[in-house]
Amino acid sequence: ILSSYISNYEQYCLVKKVFESFDSLIVVDPVLGDDLKLYQGFDKENIKIIKSLIPYGDVITPNITEACLLTDYELKESYTKEDIEKIVTSLRMLTKANIVITSVNIEKDKLTNVIYDDEIKYISFDKISASYPGSGDLFSSLLLSFLLNNESLYSSVRRAGSITSECIKYTYDSKRERRLGLDIIKALRSN
């Protein structure tokens, strides 16, 4: 089961009921914001709702903005490994789930996905000067599919990150309008 965009309490109740009704692998993508801010129309109530769903997850996949919003950590342009350790520690107080934090600026010209499954691991990709709606959804969906095929968390994050990065690069190179989101089909066909 993969949960993603939840905009109100009614949706939260439905998702919670599904989580409680099935004995299944659960990936919670705590969609709240990006680029150092909450999404338009979201507020502290949305953060509270998402915080209450996180304990149901076997894996959670916040981007760095969402991880900071969930833990009240300072939002900033780049992070140190010490920052990441503090954020992971704070997230671990909310859940026993494995943690995957995406889109972290640690190294120059790289974006890093951070994995915590007993220890912190880092997987970096070349930074592309673009972002597109749906990138996080693609990543979480791919991650879940690889996990369901019995791949390790590390391998699943590496593969999902690589494919997502390739789709972003392809979409950027093709000069597709940002508002149209990722050109997933053409990107995957080109490989």
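Which residues form one aromatic cluster? They are Tyr 5, Tyr 39 and Phe 42. The model is a predicted one.

Start with the rings. A search of the whole structure finds 4 aromatic pairs. In one of them, the ring centres of Tyr 5 and Phe 42 lie 5.4 Å apart. Their planes meet at 40°, so this pair is tilted. The two partners come from distant parts of the chain, 37 residues apart. Tyr 5 sits in the loop between β1 (2-3) and α1. Phe 42 sits in the loop between β4 (37-38) and α2. Phe 42 has 10% relative accessibility and therefore counts as buried, the cut-off being under 20%.

Phe 19 and Tyr 56 make another tilted pair. Here the centres are 5.7 Å apart, with 40° between the planes. Tyr 56 counts as partly exposed, at 25%.

Two packed helices are described by the angle between their axes and the distance between the axes. Helix α1 covers residues 9-21, and helix α2 covers residues 44-53. Their axes come within 11 Å and cross at roughly 5°. Angles under 35 degrees count as roughly parallel, so α1 is roughly parallel to α2. On the α1 side, the contact is made by Tyr 9, Tyr 12, Val 15, Lys 16 and Phe 19. On the α2 side, Ile 49, Ser 52 and Leu 53 make it. By type, the contact residues divide into 6 nonpolar, 1 polar and 1 charged.

Now move to helix α3, residues 64-71. How many of its residues are buried? The count is 8 of 8, and the helix is mostly covered. The buried residues are Ile 64, Thr 65, Glu 66, Ala 67, Cys 68, Leu 69, Leu 70 and Thr 71. What covers them includes the strands β3 (33-34), β4 and β6 (98-104). The helices α2 and α4 (81-92) are also among the covering elements.

Lys 81 lies over the face of Tyr 122, at 4.5 Å from the ring centre.

Conventions
Residues numbered from 1 in each chain as written. Predicted model: local features only at pLDDT ≥ 70, side-chain atom pairs only at ≥ 80, totals over all residues. Heavy atoms only, no water. Axes fitted to C-alpha atoms, helices over the stretch in contact; angles between N-to-C directions. Helix = DSSP H or I, 4+ residues; strand = E, 2+ residues; numbered from the N terminus. Parallel < 35°, antiparallel > 145°, perpendicular 65-115°, else oblique. Contact = heavy atoms within 4.5 Å. Nonpolar A, V, L, I, M, F, W, Y, C, P; charged D, E, K, R; others polar. Phe/Tyr/Trp six-rings, centres within 6.5 Å; stacked < 30°, edge-to-face > 60°. Buried < 20%, exposed > 50% of the residue type's maximum accessible area, 1.4 Å probe, protein only. Lys NZ or Arg CZ within 6 Å of the ring centre and 35° of its normal.
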